[in-house]
Amino acid sequence: MANVFTPGLQVIASTVVEKERTLPIPGRLMVKPGERVRAEQVIAETEIPNDIQTINVMNLLSISAKEIHRFMMKKEGDAVQANEPIAQSKPILGIKFFQTIVRAPFDGTVERISDVTGQVLIRKPPRRISIMAFVDGTVKSVREGLGATIECPCTFIQGIFGIGGETYGELCAVSKDPSAVVNESDIKEEYAGKILIGGSNISYRVFKKAMDVGVKGVIVGGFSAKDLKAVLGYELGVAVTGDEDIPTTLIVTEGFGRMAMAKRTFDLLLKNNGRRASISGHTQIRAGVMRPEIIIHFSGDEAAKAMPHATKAESGIMLGDETRIIREPYFGRLGTLIELPPDLTQIETESHVRIMKVKLSDTGEVVTVPRANVERIEV
Amino acid sequence: MEEKELNVIIATDCGSTTTKAILIEKNEKGEYRQTFRGEAPTTVEEPYNDVTRGVLNSLQEVEELSGRKILDGDKIIHPARGKVGVDIYISTSSAGGGLQMLVAGAVKAMTAESAQRAALGAGAIVMDVLASNDGRLPHQKIARIRSLRPDMILLSGGTDGGTVTHVVELAEFIAAADPRPRLGHTYTLPVIYAGNTAAQENIRKVLGKKTTLYVTDNIRPTLERENLFPARQKIQDLFMEHVMAQAPGYGKLKEWVEVSIMPTPGAVGYLIHAVAEEEHINVMGVDIGGATTDIFSDFDGIFNRTVSANLGMSYSISNVLAEAGLDNVLRWVPFDMDEDDLANRIKNKMIRPTTIPHTKNELIIEQALAREALRLAFEQHKLLAVGLKGVQRIRSVSDTFTQTASGETLVDMMKLNLFIGSGGILSHAPRRSQAMMMMIDSFQPLGFTRLAVDSIFMMPHLGVLASVNKAAAKEVFEKDCLIPLGTCVAPKGAAKPGAPCLHVKIHIHSGDKAKPPVTESIPVGEIRLYPMTLEEKAEVEVTPTRRFDVGAGFGRTVKKVVQGGRVGLVVDTRGRPLTFPDNVAQRRKMICGWYQSFKVYD
């Protein structure tokens, strides 16, 4: 039978991640295999076609579309400068005062002169875009003209949801325990440029202060839906994030509401307090799931000992696995899987579903939950 | 296509998360029946990157359950001999995001709308509709075309011999944007031109080199006529040739199937249209999924489909809340609920979309959200399933008073005969009465309407089967796919709650035995259930008061024989549209009463 379970989020103390960094269209690669790179280093760049503007020359000169070439002063492919004449009408009675001149709105290139619509299309000079390494590491392989794969020995932690893009900074714990709420007094001016580690929640007001202070990122167990709306200025409909225009990246490790950060995650972050990390809030919960990431770079011996983590996703969930319940009425509770009955079981909703029995870590109580509502804690 | 003699059929639907296989066999009585079903996760993404892995896994499950040997290694055994092999393998697909299209037309309410209908009818998700008069500036249109990465573009514009400049201008925008296809770096984007024939040469000049251009018949040759079939056919062909050929593993899958892989919604639409045509009835269908909700309608032979791309029960559940608003969701919830808590729960479902309700209250909340998702998707459907706009009509005096115009919606709930629900929240509702009530609350049928649900989501499989063997598809559809829920009788009209609404006589027959007839008057504001089994029939006579109409006119009696179902006969006098008291306590009391009458939650 197909495995019915949700693969858990990865919380791995030592691993080697590979980050594929590629340009959207071919360009210039700036690194070689084996080269050491820093997270902020540009590894490839390219130029992408820029905005285009249409000019209705036919109307401006009061001519027909078919006549347009007779009045153009530039050809397709010609470079133009801002305010430079590109087309002009014939002077009336030889008096230039009555002549209409059409000028280029900006520096660019004449892309098309249409004798059907009478329009001229001018494109701005190409825009340069570059991609950075995102992690400290070594170039493992390259795709000529497109990008490279960077290998990075690190501690790797996935969040469940995030907003804001890629950033880098030093980890700085502001909560002493995973159930603590981040308060306004916890955010200090000297935290500018740092990535803060919180406990169970941060409110909009406190997060705003972090943004104002110049904090690079906040990692916290829970965040309320109402506060998310306040940060974004709109109700988020579909969990595709990462391009928000906010100065501080937010990574939520457990879910919406006030939720204590899983102890394992919190302890691992605390252990790395003061170290340099790369984080990304990019989340995409559709086919091709993408979760926010925290990558804490290794160096020296630690880096040499790190080995790629073998995921157990293929093997399915097994008795004895550590699990997290991800739906009410036990949302957020951790426990150990003790029984996987094969038959369908009727639950409170009257649905007949596959279930599992989990012994809760905090109380020792054994609870029955649908398999779909449990995720394995990846170790 | 000539109908093929088939005894054993295996069909798959490669969905975005699950690949579902069904086995259909001809039994000793000569009937086609769906016998076994298997499913496995879809494998179009890392680490597998090959859709056929998921197909093989789902077929293996069918093998294990049925005892029929279907696979020889990675090959499907043909033809069937005894308990080995199958006669045909067919498939549909919506994996990897389905078919995503951009459509463009000269005038928003005319050719652009026709292009949208053509794309939707072929099973596409329409990412945007561009038109010369859509209010966007040229550079905004170009930026939009460039930012989207569609699988293909449908360009239309102008009636034959009509405007050339507008459609050429749109072609110039497309050329300037130089859009890149979503899948595959090595092929150029397919563009279908289905506009003014007089502009074809100009379009070739503008787009011929930058895109892979196909020219088909104009979808709007005259204002009075819409000709969607050639463009739809071309879209489906290109879906196979270009889009699917770029998706991982589809090259192999294409060689396994005996007829073209159809986009999943295209196959469902084909089936719904076939049912409407066969039985000469008006049919509607809805498929509510995790990310999207599709609605299909076939009224008087005119088929329409819409897809509400961000209304769904898991990935898009938070968008349902955003679009419907908290109050509209809470109006269906009969218990006290903290608004912040509800918003957090919905967002938690969004980020962990595969979870299911464990408690009764969580089920009620999800079904409340489903009602709103269905209602919003239906609103969108009514806006697009309209008569042709821009048609010149001669108005009579009565038209002037009633303000009828071209572009009226074709959806007339009073004329609807059969409504089919599909998708997890409807097909897998713990009680069938819950599915029936969600459909009634959201779509608010009028007159006499039969309701049914798709038992295990096999309409896509049967849609593609219908293109090979219509009889087999029809037989399985009736016997195994459709689960009749019953009939809803609802009058049109309005009056205060408690006012007289209608008088009903119900005489239920079970084979030769007749149950004692029920005769009662039902006031406004109620919903009553008369349980009937699948085998039972009832003679129903409804006499509305003069303010209400059940199909024959205000105050006129209607007599009909209705078939039973898993739920029964429902008489709904709550009025249309449904209204709710502002007072929270009164509202809760009212909906508790509805739920109790319908026995949905106890």
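**Chain A and its partner**

Me: In chain A, what percentage of the contacts between residues at least 6 apart in sequence join residues at least 24 apart?
Reply: The model is predicted. Two residues are in contact here if their C-beta atoms lie within 7 Å. Among the contacts of chain A between residues at least 6 apart in sequence, the share that joins residues at least 24 apart is 64%.

Me: How many helices and how many strands does chain A have? Is chain A compact or spread out?
Reply: The secondary structure of chain A comes to 6 helices and 30 strands. For 379 residues the globule rule gives 21 Å, whereas the radius of gyration of chain A is 28 Å, well over that value, so chain A is more spread out than a compact globule.

Me: What box do the C-alpha atoms of chain A fill, and what percentage of the residues of chain A count as buried?
Reply: Taken along the principal axes, the box is roughly 100 × 55 × 45 Å. A residue counts as buried if 20 or more other C-beta atoms lie within 10 Å of its own. Of the 379 residues of chain A, the buried share is 42%.

Me: Which element of chain B gives the most to the side that touches chain A?
Reply: The contact takes 46 residues from chain A and 50 residues from chain B. Several elements of chain B each supply at least two residues of that side, including strand E3 (32-41), helix H4 (165-177) and helix H11 (339-351). With 8 residues, the element that gives the most is H11(B).

Me: Which element gives the most to the largest nonpolar core?
Reply: The largest nonpolar core has 268 residues, and Leu154(B) is one of those that touch the most other members. Leaving aside neighbours within four places in sequence, Leu154(B) is in contact with residues including Met101(B), Ala119(B) and Ile235(B). The element that gives the most to this core, with 12 residues, is H12(B).

Me: Which strands are the edge strands of the open sheet of 8 strands in chain B?
Reply: The order of this sheet is E15-E14-E13-E16-E17-E18-E25-E22, and the pairing is mixed. E14(B) and E15(B) pair in the antiparallel sense over 7 bridges, and Asp294(B) stands opposite Val307(B) in E15(B). An edge strand pairs on one side only, and the two that do so are strand E15 (302-308) and strand E22 (527-531) of chain B.

Technical notes. Residues are numbered from 1 along each chain as its sequence is written. Chains are lettered from A and ligands numbered from 1 in the order in which they are written. This is a predicted model: local features need pLDDT of at least 70, side-chain atom pairs count only at pLDDT 80 or more; totals for chains, interfaces and linings use all residues. Helices (H or I, at least four residues) and strands (E, at least two) are DSSP runs, numbered from the N terminus. The radius of gyration is taken over C-alpha atoms; the globule rule is 2.2 Å times the number of residues to the power 0.38. A residue is buried if 20 or more other C-beta atoms lie within 10 Å of its own, exposed if 12 or fewer, and partly exposed in between; C-beta atoms are placed from the backbone. A nonpolar core is a set of buried Ala, Val, Leu, Ile, Met, Phe, Trp, Tyr and Cys residues joined through C-beta atoms within 7 Å. Two strands pair if DSSP finds at least two bridges between them.
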